[in-house]
Amino acid sequence: MKQHDTNQFARHVGLPRLGAEGQAKIISGHVMVIGLGGLGAAAGLYLASSGVGFLTINDFDRIDATNLPRQILFRAGDVGEYKTEVTRSALQAVNPALEIVALNQRLDEKELLQTTDNVRVVLDCTDNFASRMLINRICHERRTPLISGAAIRFEGQVAVFRHDKSGMPCYSCLYTDRDDNLENCAGQGILAPVAGTIGCMMATEALKVLTGLCSDLERKVWIYDGLAGTSQTIAIAKRPDCPVCRPDRPGQEY
Amino acid sequence: MIRIRVEFFAMLREHAGRANEDIETDAGTAAELYAELSGRHSFPAIGSMKVAINQEFADLDSRLADGDAVVFIPPVAGG
């Protein structure tokens, strides 16, 4: 592991609930960020600046001019470049001690299972339900905590799915394959900082998982209405018939 | 007739032009309530709309009870 300048994190260490011990967990933490759009940019930036030691980042797209307002790691001159490569250099500049694996491809189920090996927390920053369903399944199979965030128009949602704990609801307890018919940011539009708000919430939840701080969002979704300027949390019940985490599904024993 | 407190979230708030509404209804389920509100506020088709009853996600065919607080939540998958 590369050497981190621990003095840099004095404001984290000064938090009684976190301390030097918590910061050490952040520095030894391995987080995977899937999707380097508006959510992944904000979340990735804060994870890197907070001292996370290992990041696996994944996207297969090139940067488009319409990405720039909300995908804040990219500059005008980066248009046409691969998101993974520009993200890698941007995060490395913020935290030179960070070790990054950049996966510049669309990952299938098998590859996702391989690349999540040793990952402590996964952040789902993708832009479609099919990917979200797949990532949830893989995280459940691996028993890896999943931070799920989504944003569109003026609104967003964040939830923490603790696949590493028994009896917790998962993404598929809330959304099903029937939901796979919605438009993305290109179809509906999104206010740039709303994506950042959700990405920052995701980074906060990821750091809490790494440092062992518990969260109300482990059984709830935080929903944000940016236009009204309000938010609320809604509880998710574990579905007895969930196709992913129902207790009688083969291989569910903990 | 039951009394329901409906809260309008995100795009539905825009359609309804208000944050919430107390209504007396014969709707038996959340889906029936949505249909009734759609007629008045030109809501989008129910599609993949989620519903929370008393701050917990519920099925659209869940039965409503007098005094329930209901909020319909448009699903979000963008990144």
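**Figure 1. The whole complex and the confidence of the prediction.** Let us start with the overall picture. The predictor gives the complex an ipTM of 0.92 and a pTM of 0.94. For chain B, the mean pLDDT is 94, and 100% of the residues reach 70 or more. Which elements of chain B have the lowest and the highest mean pLDDT? The lowest value, 91, belongs to α1(B), and the highest, 97, to β4(B).

**Figure 2. Chain A on its own.** Nine helices and eight strands make up the secondary structure of chain A. Its radius of gyration is 17 Å, close to the 18 Å that the globule rule gives for 254 residues, so chain A is as compact as a globular protein of that length. Taken along the principal axes, the C-alpha atoms of chain A fill a box of roughly 45 × 45 × 40 Å. Of the 254 residues in this chain, 46% are buried. Among the contacts in chain A with a separation of 6 or more, 67% come from residues 24 or more positions apart.

**Figure 3. Chain B on its own.** Chain B has two helices and five strands, and from the N terminus on they follow the order β-α-β-α-β-β-β. The radius of gyration of chain B is 12 Å, close to the 12 Å that the globule rule gives for 79 residues, so this chain is as compact as a globular protein of that length. Along its principal axes, the C-alpha trace of chain B spans about 40 × 25 × 20 Å. Buried residues account for 32% of the 79 residues in chain B. Of the contacts in chain B with a separation of 6 or more, 52% are between residues 24 or more positions apart.

**Figure 4. Where the two chains touch.** How many residues of chain B are in contact with chain A? There are 16, and they are in contact with 35 residues of chain A. On the side of chain B that touches chain A, α1 (11-16) and β4 (56-58) of chain B each supply at least two residues. What kinds of residues are found on this side of chain B? They divide into 10 nonpolar, four polar and two charged.

**Figure 5. The buried side of helix α2 in chain A.** Helix α2(A) covers residues 19-27, and its buried residues are Gly22(A), Gln23(A), Ile26(A) and Ile27(A).

**Figure 6. Strand β4 of chain A and its parallel partners.** In a regular strand, side chains alternate between the two faces of the sheet. Strand β4(A), residues 121-124, is covered on both faces: Val121(A) and Leu123(A) are buried on one side, and Val122(A) and Asp124(A) are buried on the other. Strand β1(A), residues 30-34, runs parallel to β4(A) and is joined to it by four bridges. Here Met32(A) stands opposite Val122(A). Strand β5(A), residues 146-152, also pairs with β4(A) in the parallel sense, over three bridges. In this pairing, Leu123(A) stands opposite Ile147(A).

**Figure 7. An antiparallel hairpin in chain A.** Strands β7 (residues 220-225) and β8 (residues 230-235) of chain A run antiparallel and are joined by six bridges. Look for Trp222(A), which stands opposite Thr233(A) in β8(A). Four residues lie between the strands of this hairpin, and Gly229(A) takes a positive phi near 80°.

Figure 8. Arg153(A) has a positive phi of about 50° although it is not a glycine. Its place is the loop between β5 and β6 (155-161) of chain A. Is Arg153(A) buried or exposed? Arg153(A) is buried, with 20 other C-beta atoms within 10 Å. In chain B, Asn54(B) is a residue other than glycine with a positive phi, near 50°. Asn54(B) is found in the loop between β3 (50-53) and β4 of chain B. With 14 C-beta neighbours inside 10 Å, Asn54(B) counts as partly exposed.

Terms used. Residues numbered from 1 in each chain as written. Chains lettered and ligands numbered in written order. Contact = placed C-beta atoms within 7 Å. Nonpolar A, V, L, I, M, F, W, Y, C, P; charged D, E, K, R; others polar. Buried ≥ 20, exposed ≤ 12 C-beta atoms within 10 Å, placed from the backbone. Rg over C-alpha atoms; globule rule 2.2 N^0.38 Å. pLDDT = per-residue confidence, 0-100. Pairing = 2+ DSSP bridges.
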